[in-house]
Amino acid sequence: MSRCCDQLVHSAALGHCMAGHGNDPQRGLRPSFDEVPCVGDRRYHVEASVNDHGRDVADPVDAAQKEIIVLEEAPVYEVVAFYQGEPFTLKEHMERLVFSASEIDIEIPSADILIKEAKNYLAETNFANNNAKLYVQVSRGVAPRTHAYPDEMEPIIIMQVGPLNPNPEKYFKEGVKIITLPDERWSRCYIKSIALLPNILAKKKAKKAGAYEAVMTRDGFITEGSSSNLFIVEGNTIITPPATNYILNGITRQKVINRLAPELEYDVKEESIPYYTLLNADQVFLTGTTTEIMPVVQINDKVVGNGNVGTETKEIFEAFRELTGFVRGK
Ligand code: PDD
């Protein structure tokens, strides 16, 4: 393993890597091994690198005389599905992670190294042969609090695995409801960042309205869902908003465009979808790692098409299931 990887890749329980405590100044911001909860069937020790800023921030008197130390909150992340232990599009996800990190001025190990780390990590958990969801998060590192972060920071990479928790099969068979909301996000949505406040508020509104997802509009055009991309079907053509800076170019979206649509002989158009075009579409579906291919049968109070899942949507869903090797019940 390269020096870079050795130092930068840390598998841990999320949320515990930034806890500062204990009275051993050498430990700096590292939690003790026992305080890291179990992830999968294994505990992971956190090695937050604190360099010469490492100090016991839990000591109030001591800390008052020193600078405030924070884990710089600029994380980017990925969520990857594993089906029966086999990663699905892990390479694409790790490449996007490296890209997202570089877009916010964080240098991390190559996608190849991250792929190896992720596979090794999964293999050591009790998810090794099961359906699982891998979460990978990259943050800038630890430094005295300042907006102009230091040049030499050591990023912290956290990996966490859990059950895939797929959506109920009923949703795929019968379709779901979505609501529409104004897109209140920033203009660099192509970066997969955990700055998700508008997304989570939108999703919560959707849940409160009995809907699966909130789809957002910017200047009268559809952008994407709070955690998914959107497609409409017109005859033999599937249409989705172009991968501009206003959407995340979903890996599932790309699979539909580049693999499933050609295989099923559908035409693809990446073009802006006006709000009213969405409302009048015959078929609508969402895509995403955990969303898979999710048919939409209601938008706000309006029924989509005849209210049933359309033939083309069903075909794409089934082709996707085949591609992922998804098997229920494991
Ligand atoms: N979300 N758009 C947004 C805003 C998303 O957060 C996601 C994924 C997608 C779909 O991307 P992909 O097909 O690569 O999963 C589109 C993940 C799954 C999440 O935050 O849990």
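In which loop is N300 found? N300 belongs to the loop between β14 (292-299) and β15 (302-303). The model is predicted, with local features requiring pLDDT of at least 70 and side-chain atom pairs counting only at pLDDT 80 or more, while totals for chains, interfaces and linings use all residues. Residues are numbered from 1 along each chain as its sequence is written, and side-chain values use heavy atoms, leaving out hydrogens and water.

**View 1. Residues with positive phi.** At N300, phi is near 50°, a positive value in a residue other than glycine. D105, also a residue other than glycine, has a positive phi near 65°. D105 is located in the loop between α3 and α4 (111-123); helices (H or I, at least four residues) and strands (E, at least two) are DSSP runs, numbered from the N terminus.

**View 2. The shell around the ligand.** The ligand is surrounded by 18 residues, each with a heavy atom within 4 Å of it. Y77, E224, I251, T252 and T289 are the closest. Domain 1 (45-163) and domain 2 (169-324) each supply at least three residues to this shell; the domain bounds come from an automatic or database domain assignment.

View 3. A polar contact here is a pair of N or O atoms within 3.5 Å. The side chain of E224 places an N or O atom 2.7 Å from a nitrogen atom of the ligand, and for the side chain of K192 the corresponding distance to a ligand nitrogen atom is 3.1 Å. An oxygen atom of the ligand lies 2.5 Å from a polar side-chain atom of T289. The protein buries 90% of the 470 Å² that the ligand exposes when taken alone, with accessible areas from the Shrake-Rupley method with a 1.4 Å probe.

Key: A polar contact is a pair of N or O atoms within 3.5 Å; within protein, one must be able to donate a hydrogen and the other to accept it, and residues adjacent in sequence count only if both atoms are side-chain atoms.
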